[in-house]
Amino acid sequence: MADARIIPIAPRAAAPAGSGGWAPQLSASPPLALYVHLPWCLKKCPYCDFNSHAVRDDGIPEAAYRAALVADLESALPQIWGRRVHSIFIGGGTPSLISPDGLDELLTAIRMRVQLDINPEGRLAYRVSRK
């Protein structure tokens, strides 16, 4: 079949490196979720494979880590500009080890840089109305 042709089912766009020349076409951007990793624990459990670290004697370097998280978010802004963040998940070691003020400053920094959906799809209102 020397005359056979391949007819693409979607128009071609600039393909990302390593994709074999094919780029998927999306009708809309998928929702964004933000994961914030806070890697400290009171102690490192021997079975834990997560990126987590025992709190040092001098405490958690909250300000320096927060600055690094914000810098990382800022470096991603060109790829996500104009899209809304539907959820923020804070995980890692033991996220509750960060101070309330540190968490407030982190969330404020995030709110200042990205658009957040407040109560996406009315989930909180639905939960409250069902109780």
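Predicted model: local features only at pLDDT ≥ 70, side-chain atom pairs only at ≥ 80, totals over all residues.

## Helix α2

In α2, the buried residues are G102, L106, A109 and I110. They span an arc of only 100 degrees around the axis, which places them on the same side of α2. An α-helix has 3.6 residues a turn, so residues three or four places apart point the same way. The exposed residues P100 and D101 sit on the face of α2 turned away from its buried side.

Helix α2 runs over residues 100-111, twelve residues in total, and its first and last C-alpha atoms are 16 Å apart, close to the 16 Å expected at 1.5 Å a residue. Its buried residues pack against β1 (32-38), α1 (62-80), β4 (84-92) and β5 (115-116).

## Glutamate E62

E62 belongs to helix α1. This residue is buried but has no salt bridge. The nearest side chain of opposite charge is that of R66, 4.2 Å away, and the cut-off for a salt bridge is 4 Å. Beyond its neighbours within four places in sequence, E62 contacts L97, I98, S99 and G102.

## Aromatic pairs

There are two aromatic pairs in the structure. Y35 and F89 are stacked, at 5.6 Å centre to centre with 15 degrees between the planes. Because Y35 is in strand β1 and F89 in strand β4, the pair ties together parts 54 residues apart in sequence. Y35 is partly exposed at 44% relative accessible area, while F89 is exposed at 53%.

The ring centres of W40 and Y65 are 4.8 Å apart and the planes lie at 80 degrees, so this pair is edge-to-face. W40 is in strand β2 (residues 40-41) and Y65 in helix α1, so the pair links parts 25 residues apart in sequence. W40 is buried, with a relative accessible area of 12%, whereas Y65 is partly exposed at 22%.

Key. Residues numbered from 1 in each chain as written. Heavy atoms only, no water. Helix = DSSP H or I, 4+ residues; strand = E, 2+ residues; numbered from the N terminus. Expected span 1.5 Å × (residues − 1). Buried < 20%, exposed > 50% of the residue type's maximum accessible area, 1.4 Å probe, protein only. Arc of directions from axis to C-beta. Contact = heavy atoms within 4.5 Å. Lys, Arg positive; Asp, Glu negative; His and termini not counted. Phe/Tyr/Trp six-rings, centres within 6.5 Å; stacked < 30°, edge-to-face > 60°.
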